[in-house]
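Q: I have a chain open here and have never looked at it before. Can you walk me through it?

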Amino acid sequence: TNVEEVATTFIRAYYLRDYATRFSMMFYDARKQWEDNAIKQEGSEEAFLATVQQQASDKGIDVDIHSFDDYYAHYHQFILNDIYNMYGEYQVFTTVSESKRMVGEELNQFRDKQLGALDPKYVDAEAFNAVTEAYTVTVNIVIDGTKKDYNEFYNVYLVLHNGQWLVVGHTI
């Protein structure tokens, strides 16, 4: 898979709240970080799951949420339904408008900035510092709906690690 395919797939997954796909595309352990934050906010995994179960019930949504995987799947479906309600029948398009390789000092500054922004317990700093290829890819996401449309550009920052393009950050 090339850097542009990864960037467009990521933006689509991010916008549609497809957490399972999005987390699998990250250089650092974004899933663990997200789950740790949810647990910290609610006090425990069980409390988080009970809260989201209650929120779904309050909205009349008949789901059983017993794990983070259940939550991710049901939340993704909820977002797809919500997007349908907002946009009507719709199609989502993601295209690259610009792809720029980082080199030299720009790459060094990028690594330093990203490592400073990421919680060290979720990232392998040694592996990240060993990265020699990185790109900024600007992705245009368009939702073409029967009720309304959406059109926005986002930057996705990717690195090549062990032969795989992974997302380090984005502007959403």
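Q: Where does Asn162 sit?
A: Asn162 is in the loop between strand 3 and strand 4. Helices and strands here are DSSP runs, numbered from the N terminus, with at least four residues (H or I) for a helix and at least two (E) for a strand.

Q: Before going on, what kind of model is this, and how are residues numbered?
A: This is a predicted model, in which local features need pLDDT of at least 70 and side-chain atom pairs count only at pLDDT 80 or more, while totals for chains, interfaces and linings use all residues. Residues are numbered from 1 along each chain as its sequence is written, and side-chain values use heavy atoms, with hydrogens and water left out.

Q: Back to Asn162. Buried or exposed?
A: Asn162 is exposed, at a relative accessible area of 72%. The cut-offs are under 20% for buried, over 50% for exposed and partly exposed in between, using a 1.4 Å probe and protein chains only.

Q: What about its phi?
A: Asn162 has a positive phi of about 50°, though it is not a glycine. In general, most residues other than glycine have a negative phi.

Q: Which other residue has a positive phi without being glycine?
A: Arg17 is one of them, with phi near 55°. Arg17 lies in the loop between helix 1 (3-15) and helix 2 (19-24), and its relative accessibility of 29% makes it partly exposed.

Q: Okay, zoom out. How many helices and strands are there?
A: The protein chain has seven helices and four strands. From the N terminus on, the order is α-α-α-α-α-β-α-α-β-β-β.

Q: How are the strands arranged?
A: They make an open sheet of four strands in the order 1-2-3-4, with antiparallel pairing. Strand 1 (90-102) and strand 4 (164-170) are at the edges with a single partner strand each, so one side of each has no neighbour in the sheet. Neighbouring strands are turned by 35° against each other on average, direction ignored.

Q: Why is strand 2 called largely enclosed?
A: Ten of the twelve residues of strand 2 are buried, so the rest of the structure largely encloses it. For strand 4, five of the seven residues are buried, so strand 4 is largely enclosed too.

Q: Which helix lies across strand 1, strand 2, strand 3 and strand 4?
A: Helix 6 (residues 104-117) does, running at about 120° to strand 1.

Q: Pick a residue in helix 6. What does it touch?
A: Gln114 is found in helix 6. Leaving aside neighbours within four places in sequence, Gln114 is in contact (heavy atoms within 4.5 Å) with Phe128, Val168 and Gly169. Gln114 counts as buried, at 12% relative accessibility.

Q: And Thr9, which element is that in?
A: Thr9 lies in helix 1 and is partly exposed, with a relative accessible area of 38%. The C-alpha atoms of Thr9 and Arg22, 13 residues apart along the chain, are separated by 8.5 Å.

Q: Last one: what are the overall dimensions?
A: The C-alpha trace spans about 55 × 40 × 20 Å along its principal axes. Of the 172 residues of the protein chain, 40% count as buried.

Note on methods. Pairing = 2+ DSSP bridges. Axes fitted to C-alpha atoms, helices over the stretch in contact; angles between N-to-C directions.
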